[in-house]
Amino acid sequence: MNNKQQANEKISYQTRTTSNLHLKNSSAQSRLFSVAIFFIFLSFSIFLSIFVGSIYQKDEEIYVQNRYIFFLTELEKYLSQSIDIAKGYEAFYLSSEYVSPNESNEFLTNLSAPYKDYIDYIVIAKEYQIDYIFSNNSDNQPFVPEHFETLINNITYVYDQSKASYMGPYQLETGATVYIASIPLTNMHTNLCFGSAHIIFNTEHLNEIITSLAEKYNLEIVVYNASDTISPIIGSNLTMSKNPYVFEGSNTFSWKIYATTTDPIRHTTLIQILVFSIGLCVSVLSAITYLVNKESKYQLTYATTHDPLTTLYNRRYLETVQQTLLQNPLKNRPSYGLLHIDIDDFKIINDTLGHQVGDQILVEVSRVLKSITRTHDLVFRIGGDEFLIVIPDITTALELVEMRKRLEHDFEENFQYQQFPSFSGLSMGIALYTKDSKDFDSVMRMADADMYNVKRIRKALRSHNMTPSTKK
């Protein structure tokens, strides 16, 4: 490619960049930018939700810990009663050389009366043997030691180790479920263990107490045995999906308790979801607003530079092209070919067949002209039935003549004559714009004059039935 052709290409693409490519791609660019804006706001929303979550998580942790302390303090009041009963009986037993069953029954009746709802049995063992069984409720089933195999084993453990043991819930052979607190009985003078007291709690009532205390302090809890963290004693495994805080449980029973708050204002996850949701809405609205604004600007720009019927460039955009050409210095100004096109007998078509048919012909002519021109050629509709093609990289009149012949041939090949039998063809006038040309308008007038000369020749030929093209 020679220097002139390179200059032609440069100015051609320069012109297109300022309008054609910009207009064609601005809609896609607007969508890309709107997507970018969406993800920018979305990323910020994620960051903000994480940041706010970290702040609220600490606040939530402190809140849950404080609530849990209150919860556990009240729960311990109930659970520590087993120790109180055991120590009370220990003092009672050591106060006399011999304690009869009746005396034990009377003492334990008075001692456990306040706890009648949730203590079912009290079993007193001397060394390795059960010495006395106390039923705290007349509705209780008869106590069968064989049903308490774990209790029997625990009597030996507590006596040998002089150490308390807390178990539960424990399912009996009867189907009932109980908690068992086993406390050693020790002689305060000799500090030797002489037996053990075993407090058997009513599971249903104790679970109700735990649940009501949790509700009181806005806690959702799951309670596991320390030895079994698969099946919860109280609560549901679903709570584990809420990232609860873990506590070791009470001093009485070996529990592992997972707790989270039921207060939505204090719940970190809900706060994060709220912040993220607001951010997501802002992201969507920002992206939509940007896209709508850009699309509006694009539509406005497109409407001012394109013909609404044919979508070709209009005369206003032709003025922009002229300014671009004239901005180049004379020595660097490339050559351009101008093709001024007019539809033959278009007024007759409008007058006889109507403007609707005329518009259809204009649209079809525009379609064909766009399809047969090159990517960097500029096609304009500059009047009712007038078109202009600005062709870069044309350096001689001979090249421009050959270009006209090619376009005339391609037009004849592509136009749908069978749909528009009244269409008689186009007249194309040419002129060459060079660095020696005075101005663009003068070259346009030359192309216009050539076009009318071609039109007269074509009309004369048609009048003698010598039309230069064969309609399809």
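Select helix 9 (residues 346-353) and helix 10 (residues 355-372) in this predicted model. Their axes lie 7 Å apart at an angle of about 140 degrees, so the two helices are oblique to each other. Show side chains at the contact: helix 9 contributes Phe-346, Ile-349, Asn-350 and Leu-353, and helix 10 contributes His-355, Val-357, Gly-358, Ile-361 and Leu-362.

Stay on helix 10 and pick Arg-367 and Glu-364, three residues apart, about one turn of the helix. Their side chains form a salt bridge of 2.7 Å, N to O. Arg-367 is partly exposed at 37% relative accessible area, while Glu-364, at 10%, is buried.

Next, go to helix 3 (residues 81-94), where Lys-87 and Glu-90 are also three residues apart. Their salt bridge is 4.0 Å, N to O. Lys-87 is partly exposed at 41%; Glu-90 is buried at 9%.

Now select Asp-450 and Arg-404, a salt bridge with closest N and O atoms 3.0 Å apart. Asp-450 lies in helix 12 and Arg-404 in helix 11 (residues 397-414), so this pair ties together parts 46 residues apart in sequence. Arg-404 is buried at 15%, and Asp-450 is partly exposed at 22%.

Move along helix 12 (residues 440-463) to Lys-455, which is buried at 16% relative accessibility. Beyond its neighbours within four places in sequence, Lys-455 contacts Asp-342, Ile-343, Asp-344 and Ser-427. Salt bridges link Asp-342, Asp-344, Lys-455 and Arg-458 in a network.

Val-284 belongs to helix 7 (residues 268-305) and is partly exposed at 33%.

Conventions. Residues numbered from 1 in each chain as written. Predicted model: local features only at pLDDT ≥ 70, side-chain atom pairs only at ≥ 80, totals over all residues. Heavy atoms only, no water. Helix = DSSP H or I, 4+ residues; strand = E, 2+ residues; numbered from the N terminus. Buried < 20%, exposed > 50% of the residue type's maximum accessible area, 1.4 Å probe, protein only. Axes fitted to C-alpha atoms, helices over the stretch in contact; angles between N-to-C directions. Parallel < 35°, antiparallel > 145°, perpendicular 65-115°, else oblique. Contact = heavy atoms within 4.5 Å.
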